[in-house]
Amino acid sequence: MSIETKVFGVTKNGETVHSYTLTGKNGFAVTLIDFGATVKNIIAPDRKGELADVVCGYDRLSDYEDADGYQGAVVGRFGNRIGKGRFTLEGKDYTLYCNDNTNHLHGGRVGFSHRVWQTEIRESGDADRVIFSLVSPDGDEGYPGTLRVTVEYCLADGCELVISYRATTDKTTVLNLTNHTYFNLAGFDSGDVLEHMLYLDADRFVETDAELIPTGRVLPVLDTPMDFRTTKPIGRDFDLTYEPLKLAGGYDHCMVFTDTLHDPIKSPRAIVTEPKSGRTLTMYTSLPCVQFYSANFMSNPDFPFKGGYTQKKQHAFCLETENMPDSMNHEGFTDCVLKAGEEFTSVTVYRFGN
Ligand code: BGC
């Protein structure tokens, strides 16, 4: 195992951005950049040992700065949407910057995905780590409290990316930290993901309106295209006459895991298999939900991916582990509040196989 550091580029503000490549076994390797604490490449072997890059992303730093897909980044303070960018906390009203129609998305104008994080590298025999940290000041993007965040990426077991999030605040605040990697297990440049087989341990999903803001209802997946509790191709029930899929242009929903008394380390919440290459992705998490997104908005011709590959919708999928979007505005939604003196922690594991 080893970590290789290189200069990746310089931001428009003159900050130098580095890349960090962690190498595991059988050619498995992960490249991270400190801009957005972003996953830039994941090289994974198929069943014949052939390697492919299974995540979307760009060759140029300026594309990470300018494009709007949040490719591979850590999003925050709040992943996904907050309706009208408004919420009330401890009797006080807050208004956030609205960067998605009239709503707040993925942390606002300059969210965590668009900042250069501090980096610490820890190399050890069997588990190399890159630890990114940042301090988000009180009032940042309209959020209360000084938030100190660390995101640790650990390459464990030679083929497993373990992402551990920690945050503390000096004043009550809200947060929803996630990673926004777009996966395609056949290789990011190999077409759509509709034939990928998906198992999702989720028995409910958060209903959203035409602006993808939660209505407040959490619906059962039973007898709907949202049910992935029995493994099926992502595209099998891709039926855009079904209202929730029609409104989102495909899958773009907060899927709620089946129970809360679950051991995140022992049983996976998602398993994805790409039949031709045999590559698999097994996901474990301590969080209660995942945003399953079939990249329906991934179609900006101005921002080709690595090697010049034109981005197209449904050519990747995201599994963004999370609390419920807009949760502070709905009774009974998962808890996104963090108080002074508490520590937020969560862990998500992406394990690759073939
Ligand atoms: C959201 C999508 C959004 C995408 C890129 C996903 O997390 O659910 O609606 O288009 O991020 O911003």
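Arg 77 sits in the loop between β6 (74–75) and β7 (81–82), where helices (H or I, at least four residues) and strands (E, at least two) are DSSP runs, numbered from the N terminus. A cis peptide bond joins Gly 76 to Arg 77, with omega at about 0°.

Before going further, some housekeeping. This is a predicted model, so local features need pLDDT of at least 70 and side-chain atom pairs count only at pLDDT 80 or more, while totals for chains, interfaces and linings use all residues. Residues are numbered from 1 along each chain as its sequence is written, and side-chain values use heavy atoms, with hydrogens and water left out.

**Positive phi and a buried serine**

Two non-glycine residues have a positive phi. Asn 26 has a phi of about 55° though it is not a glycine, and its place is the loop between β2 (16–23) and β3 (29–33). For Asp 326, also not a glycine, phi is near 55°; this residue is in the loop between β25 (318–322) and β26 (337–338).

Are these residues buried or exposed? Buried means under 20% relative accessible area, exposed over 50%, and partly exposed in between (1.4 Å probe, protein chains only). Asn 26 is exposed, with a relative accessible area of 62%, whereas Asp 326 is buried at 3%.

Ser 294 is another loop residue, found between β24 (289–293) and β25. With 1% relative accessibility, Ser 294 counts as buried. What does Ser 294 touch? Leaving out residues up to four places away in sequence, the list is Phe 238, Gly 250, Tyr 251, Gln 314 and Ala 316, with contact meaning heavy atoms within 4.5 Å.

**Cavities and pockets**

The search runs on a 1 Å grid over the protein atoms alone: a cavity is a set of points where a 1.4 Å probe fits but cannot get out, and a pocket is an open set with protein on both sides within 12 Å along at least five of seven lines; lining residues have an atom within 4 Å of a point. Grid points are joined across faces, edges and corners, and a volume is the space filled by probe spheres set on the points. For the classes, Ala, Val, Leu, Ile, Met, Phe, Trp, Tyr, Cys and Pro count as nonpolar, Asp, Glu, Lys and Arg as charged, and the others, Gly among them, as polar.

| Void | Volume | Lining by class |
|---|---|---|
| Largest cavity | about 80 Å³ | six nonpolar, five polar, one charged |
| Second largest cavity | about 50 Å³ | four nonpolar, four polar, two charged |

The whole structure has two cavities of 30 Å³ or more. Residues lining the largest cavity include Phe 35, Tyr 58, Ala 67, Gly 69, Tyr 70 and His 114. Turn to the largest pocket, and Ala 67, Asp 68, Gly 69, Tyr 70 and His 114 lie nearest its centre, out of 34 lining residues. Both α1 (61–66) and β24 supply at least two residues of that pocket's lining.

The second largest cavity has Leu 212, Asp 252, His 253 and Cys 254 among its lining residues. Its largest share, three residues, comes from β21; β18 (202–208) and β21 (252–257) each give at least two. As for the second largest pocket, 15 residues line it, and Leu 212, Leu 247, Ala 248, Gly 249 and Phe 297 are the closest to its centre.
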